[in-house]
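Good morning, colleagues. Please turn to the sequence and structure now being shown, as I shall discuss its pockets and part of its surface.

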Amino acid sequence: MTSQHPLKLRPIASKLEPSYAPIWKRLGKWSGFAMLALIYFPLLWLILLSISQNPLGGIPGAFSLEHYRALFSSSAWHKPMLASLGIGVAVGLICAIAATIIGRALPTLNSPGRVLFMFVIPLFVPGMSMGAALFIFARAVLNLKLGFWSVALGHFVWAFPFALLIVLVVTIRFDHRLVEAGKDLGASNWRVFWDIEFPILMPGIVSAALFGFLMSFNEVMRSIFLRGTAETMPVWSWVQAAAQQSQVPIIFSLASLVLLITLPLLCGVFWLLFARVGRSWA
């Protein structure tokens, strides 16, 4: 009888060793730290300049709150700020409602990928092009007077694809057997949505509303084309910084305040969307 030798397999890991060498791990680690520094260091520098006596020098020093006092003693930015807050809240609410309605229906379509692609195309259209197109549509086609409504329309077109993608993160993983169970127990469509779907989808809906608000609150490019005589806070800041150098320190203070407000909101969005949703699915 001939002896049969067990088949000897060559270790596959040896071929992968160059890709998993320690140098790549260290490179990824330090590259990540460098990217975080590139993102957050300018923001920290802005805050430091906002409390400096001479922020136009570019180097923080001789710290003072005089620019914040000048900011709060002026009322010129109040109306643009209120306009941005009002438009942002309206856009956030409309984005949340529209994204919920469409996001619930999209996974049930025969070709959801194609439909989703049509919705997310505005993400890749330059803001200048979209703003000019909406301006022509509102003025030349509809012959309407521009104002806050047209600014809100441009912001909604820009923010809705983001809101839809956020809601889809939740809806594509929703177990529709829960809906069928609720209907089998005799619940109406409204009760099924309110008692079963809404609590599960709520983190995505709230995140979509917050993201829509933030996208609208900080939008400049589309607002320039669609504002008419209306003025939002980002546009006001841009005009003041471009026309009056003396207003730049105040703009630094205002931008720092906006940062300290919007950054926690963004953190809340991602916590709601990933941490809480992930815990509910665990």
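Predicted model: local features only at pLDDT ≥ 70, side-chain atom pairs only at ≥ 80, totals over all residues.

Which helix gives the most to the lining of the second largest pocket? Helix 12 does, with four residues. Residues are numbered from 1 along each chain as its sequence is written, and side-chain values use heavy atoms, with hydrogens and water left out.

Helices here are DSSP runs of H or I with at least four residues, numbered from the N terminus. A pocket is an open set of points on a 1 Å grid over the protein atoms alone, where a 1.4 Å probe fits, with protein on both sides within 12 Å along at least five of seven lines; its lining residues have an atom within 4 Å of a point. The volume is the space filled by probe spheres set on the points, which are joined across faces, edges and corners.

The second largest pocket holds about 150 Å³ of space. Its lining consists of N218, V220, M233, P234, S237, I251, L254, A255 and V258. Two or more of these residues come from each of helix 11 (233–243) and helix 12 (248–281). By class, seven are nonpolar, two polar and none charged; Ala, Val, Leu, Ile, Met, Phe, Trp, Tyr, Cys and Pro count as nonpolar, Asp, Glu, Lys and Arg as charged, and the others, Gly among them, as polar.

I turn to the largest pocket, with a volume of about 170 Å³. Among its lining residues are R104, T171, H176, K183, F193 and L201. Helix 9 supplies the largest share of this lining, five residues, and helix 8 (177–184) also gives at least two. The lining divides into five nonpolar, four polar and three charged residues.

Helix 9, residues 189–217, also contains M202. M202 and T100 are 102 residues apart in sequence, yet their C-alpha atoms are 9.5 Å apart in space.

Finally, consider helix 2, where M35 is found. M35 has 47% relative accessibility and therefore counts as partly exposed.

Key
Buried < 20%, exposed > 50% of the residue type's maximum accessible area, 1.4 Å probe, protein only.
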